[in-house]
Amino acid sequence: METLADSPVQAPAKDRSNPSPRRHIRKVAVLGSGVMGSQIALLLSGIGLDVLLLDIVPFELTPEEQKKGLSLQDKIVRNRLVNSAFEAAKKLNPSPLYSKEVLRRIRLGNFDDDLPAIAQCDWVIEVVTERLDIKRSLFEKVEKYRRPGTLITSNTSGIPMAALVEGRSEDFARHFCGTHFFNPPRYLRLLEIIPGPKTDPEIVEFWMDYGSRFLGKTTVLCKDTPAFIANRIGVFGIMALFHNIREMGLTVEEVDKLTGPVLGRPKSATFRTADVVGLDTLANVANGLKSNLPHDEAARFFELPDYLQKMLENKWLGQKTKQGFYKKMPNGEIYSLDLNTLEYVPQKKVRFATLEEAKKVDNLRDRLKVLFSGKDNAGAFYRKTGYALFEYVSRRIPEISDEIYKVDDAMCAGFGWHMGPFAMWDALGLPATLDAMRAEGYQVPAWVQDMVESGFTSFYKVFNGHTFYYDQNRKDYVKIPGRESFIILDNLRENRKVWGNSGTTLLDLGDGVLNLEFHTKMNAIGGEVIAGIRKAIDIAESEGWNGLVIANNGENFSAGANLAMILMMAVEQEWDELNYAIKAFQDTMMRVRYSAIPVVAAPQGLTLGGGCELCLHADAVVAAAETYIGLVEVGVGLIPAGGGTKEFALRASDEMKEEEIRIPTLKKRFLTIGQAKVATSGFEAYELGIFRTGRDKVVMHLDRRISVAKQTVLQMASEGYTQPVQRRDIMVLGREGLGVVWAGANAMYSGRYISEHDMLISQKLGYVLCGGDLSERTPVSEQYLLDLEREAFLSLLGTRKTLERIKHTLQTGKPLRN
């Protein structure tokens, strides 16, 4: 174990980047097809596993089945529950599918007929209802068919592991542990690993690695305590707030405004989250904590407040019953619940001086100081709830975890927080906040007080690019293990900066590889980003670097071009400047494609418009699974003009072989741009023709993305990367394709499916993709297509309808159809 004191000489903690030996998962059985079971099955099939999804046989026929003359012996009846649950899961929004292709990897069945098939599985995960007797009964049946050595886990959210394996064989117990996913399992990154009393340590190590590398999760090793880590802390925070809200005179909508994005939390904040989760579910967890934690100093907060009891009695359970803390009224307005009268009332505009000041601060660490120092009721709210949280989490060490970073990891990955409680405490200043808490009467445990008195003034430290945490047992900073494959840019900025401007920073990743990150609003691409890309390539080429990665650690890679700048220049009719700006963007994308060093883009989150075009021109792409990428310019009345339309014409040319029909290839590329299709995952980007098989790759774990991109650069450099030659052999269809495209656009307009302006956009797009009004198929150059692309873009920008769409999008964040 590496401490800060001995880090220069002591070997680092064990690297989990290599899988456990001789164990591979190819087929998995998911037992239970409810909301979680079906979604877990879809997640696992999404990473390439064959999945067997099973559930119980119905006890009786439905009226519809009786009318059809079916019996309980018919397969369609016996699989009814699993079939209906699975169909419901497929329709969920947001979608649990990475791609529709994953559906072919899933087989459905029932416990009575198909349980013997688990003998062919490498992993069996139980996801049935949260009752010990039901789980034990199922495990007894599983043991009859399970192959010795097969991994067996439970998705329980709180039942003790010892109770689950009671009466099971030694082999079953050694290969058993808890694998607790969070809902929705595709999108929430937490996977809690909970060993049982007899779990083989090698099995635990395997899951910590597998969950991270293959499932893309933040794997947190938990002690077998009630609700484990994330729900223990998260439910405490929610329930404590439920008890304090009326005392502080705050409304439901005020609390949600205070506990949402401004605090680094999800938009659903507190009460909307409760509505989505279901108040009955939340109450069940709170009641479980109350009964299992009688000696918890905060046990009183797990009591259900009177208004919550009444809501449960009224079946106001949230989203599932169409009313909870919020309700959509007949007039379409969303009302909030008055907790004093239990009547739904119109929401009031939330105004606090503290929030107004906080809006001026982009950095969360700095913004927290503004929030907690507020002099109004909002500031008082942050101090009361924040100090209570800090007290509670510090008193849970070592009860639920010996290491503080596990608590922060669990809250960030499981509840969507941008900063865990110990990191928040650091941001506010540990010693000063500790003094303020003492003055308010909060009881902080001795280990925190001893830590500060010994000169340790923060829970975390960054040393040589690595994050260390304070270990209360060793009384020293210890390197966080398991992150050897992560590159955290925040840790490099202080000592590894090579160059920067107002919109970008160029960092040294080590081994001769540079990284360029954007830090404009939504990482939009404007003049400063374009200049940054060109400068980064210039430095890499002139100073002998191996290559360049373009990536950041933010939520999104890039939302596209700076629309506000484009609108302003168009309104002022600065056409020469606009032409120059668009050409500069095109030239920069071509610089990315035709530089002397390999350039790898590593996108995540929103990767739209210009962000997508950057990826299209990179030598390779290493994308996060949760990458939402597409050319969306048509939505604002334009066509892609940063080389995106050109690149689709180039790729269509490469896909057209002499023996193939050419028009379908053109049509597919045309519709992808024309319908502004956005891939809902990195995997779907292959289907849209944005990512290339064999060259681009998708990584499951977001934090491994930059490291894999760096290794990709090094591999390309070691293989003797040479500067490509610009293409002059792009085969375009000319009038052969134009006739089809324009006829289709006219038919859509005649049928009133699209507007007249949409028809114009379609014609312009088709003109570029087909290479213009050419009499026959003709090979053209990239520059020829770029010139057509730019001309079409500028001509559309000169129309009133397009300017209206851009303005509407900037104001509302949504496209306008006119």
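How many bridges join strand E10 to E11? There are 4, and E10 (residues 334-338) and E11 run antiparallel.

Welcome to this predicted model, where local features need pLDDT of at least 70, side-chain atom pairs count only at pLDDT 80 or more, and totals for chains, interfaces and linings use all residues. Residues are numbered from 1 along each chain as its sequence is written, and side-chain values use heavy atoms, leaving out hydrogens and water.

**The sheet**

E10 belongs to an open sheet of 3 strands with antiparallel pairing, in the order E9-E10-E11. Strands (E, at least two residues) and helices (H or I, at least four) are DSSP runs, numbered from the N terminus, and two strands pair if DSSP finds at least two bridges between them. E9 and E11 each have a single partner strand, so one side of each is left without a neighbour in the sheet. Ser336 stands opposite Val345 in E11.

**Helices**

Helix H10 has 13 of its 15 residues buried, meaning under 20% relative accessible area with a 1.4 Å probe, protein chains only.

Elsewhere, the axes of H31 and H32 come within 9 Å and cross at roughly 170°; axes are lines fitted to C-alpha atoms over the stretch in contact, with angles from 0 to 180 degrees between N-to-C directions. That makes H31 roughly antiparallel to H32 (over 145 degrees). Their contact (heavy atoms within 4.5 Å) includes Trp742 of H31 and Met759 of H32.

| Helix | Residues |
|---|---|
| H10 | 230-244 |
| H31 | 735-750 |
| H32 | 756-769 |

Technical notes. Angles under 35 degrees count as roughly parallel, over 145 as roughly antiparallel, 65 to 115 as roughly perpendicular and the rest as oblique. The expected span of a helix is 1.5 Å times one less than its number of residues. Buried means under 20% relative accessible area, exposed over 50%, partly exposed in between (1.4 Å probe, protein chains only).
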